[in-house]
Amino acid sequence: MAQDIAFYKDWFAQYVAGYAQEDIETQRYLDLKRDHTLRVFENASLIAETLPLPEQTLKIALLGALFHDVGRFEQFSLYHTYSDRDSVNHGYLGSRILRSENVLAEEKKEIRQSVRAVVALHNRLVLPRAIPQHIREATNIVRDSDKLDIFPILVANFIHDGSKNDVVTMGLQDCPSAYSPNALSNVLNGESVRYAEMQYVNDFKLLLSSWVFNLEFSTSMQILYKRGYMESLLDTLPDLPEMKKVKHAVRNEMQRVLAGYLSEEE
Ligand SMILES: [Fe+2]
């Protein structure tokens with residue numbers, strides 16, 4: 001018999017508890033991923049409830065959100081890092097763990113396989129073209145939810161410059177007004193900035209600004225807007241004429257997507 005979400009939330013809590021560490025610092029790293037997961041799950045619930053989803057796709061999306069980072073705990077325990085480049089792809093690892101732990105044993109094969117696919121795909125730079133529509137939709141819900149959670153964490157790092165952290169700023173050069181012309185033109189053309197192209201911290205800010213062009217659901221944009229995340233990012237951009245253009249392009253895109261929502265609010 002299929003289980004409800006509460007059953008899987010309990011399973012997740014127990015699974016994470018199995019990795020408990022005596023060392024407080026190490027435990028803190030694990031707590032970060034547990035708390036992140038629960039917030040991503042909440043974001044996914046908010047997005048999913050506004051979409052006309054078949055019940056099965058809804059379940060796949062919510063389980064995908066709950067398990068998207070289930071591989072992080074084993075990754076950290078084996079390699080002491082969350083860097084996939086320096087260890088393993090945590091999406092694939094998570095998908096394998098769901099199978100080896102037999103977590104979804106009581107679900108239909110279709111659900112089991114789809115949830116594992118969502119977990120395996122959630123961290124892909126670009127989703128493969130040939131995936132079934134319900135897997136694409138569920139994965140996109142998880143990806144938007146993930147972005148919404150990481151966004152304020154990254155922005156906070158730009159604001160509290162006392163606590164610079166290489167993990168978060170990826171070793172980029174922090175020159176107050178330096179940026180890469182390519183990153184700028186990407187945002188101004190409504191395109192994504194690529195991670196590999198970043199050279200300065202300002203490029204990272206431009207990359208995050210460009211997320212406004214690749215959120216999949218208007219509910220995600222509403223959340224981004226309501227929580228004030230994008231405005232606090234735009235506030236950290238250097239005071240240069242070209243950055244005013246960036247703010248303009250980003251706000252325009254938000255307004256375009258939120259047109260219906262904003263007029264309803266008034
Ligand atoms: Fe992840």
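This is a predicted model: local features need pLDDT of at least 70, side-chain atom pairs count only at pLDDT 80 or more; totals for chains, interfaces and linings use all residues.
In the protein chain, take the contacts with a separation of 6 or more: 66% of them join residues 24 or more positions apart.

First, the overall make-up. The protein chain has 13 helices and zero strands. Read from the N terminus, the order of elements is α-α-α-α-α-α-α-α-α-α-α-α-α.

Next, the dimensions. The C-alpha trace spans about 60 × 45 × 35 Å along its principal axes.

Now to the helix pairs. Two packed helices are described by the angle between their axes and by the distance between those axes. I will give both values each time.

H2 covers residues 24-48 and H4 covers residues 71-79. Their axes come within 10 Å and cross at roughly 160°. An angle over 145 degrees counts as roughly antiparallel, so H2 is roughly antiparallel to H4. The crossing of H2 past H4 is right-handed. Which residues make the contact? On H2 they are Thr-26, Tyr-29, Leu-30, Lys-33 and Arg-34, and on H4 they are Arg-72, Phe-73 and Phe-76. Sorted by class, the contact of H2 with H4 has four nonpolar residues, three charged and one polar.

The second pair is H5 and H6. H5 runs over residues 90-100, and H6 over residues 109-121. Here the axes come within 6 Å, with a crossing angle of roughly 155°. H5 and H6 are therefore roughly antiparallel to each other. H5 passes H6 in a right-handed crossing. H5 brings Gly-91, Tyr-92, Gly-94, Ser-95, Leu-98 and Arg-99 to the contact, while H6 brings Val-115, Arg-116, Val-119 and Ala-120. The residues in the contact of H5 with H6 are five nonpolar, three polar and two charged.

To recap the pairs: H2 crosses H4 at roughly 160°, and H5 crosses H6 at roughly 155°. The crossing is right-handed for H2 past H4 and right-handed for H5 past H6.

Methods:
Residues are numbered from 1 along each chain as its sequence is written. Side-chain values use heavy atoms; hydrogens and water are left out. Axes are lines fitted to C-alpha atoms, for helices over the stretch in contact, and angles run from 0 to 180 degrees between N-to-C directions. Helices (H or I, at least four residues) and strands (E, at least two) are DSSP runs, numbered from the N terminus. Angles under 35 degrees count as roughly parallel, over 145 as roughly antiparallel, 65 to 115 as roughly perpendicular and the rest as oblique. A crossing is left-handed if the near helix is turned anticlockwise from the far one by less than a right angle, and right-handed if clockwise. Contact means heavy atoms within 4.5 Å. Ala, Val, Leu, Ile, Met, Phe, Trp, Tyr, Cys and Pro count as nonpolar, Asp, Glu, Lys and Arg as charged, and the others, Gly among them, as polar.
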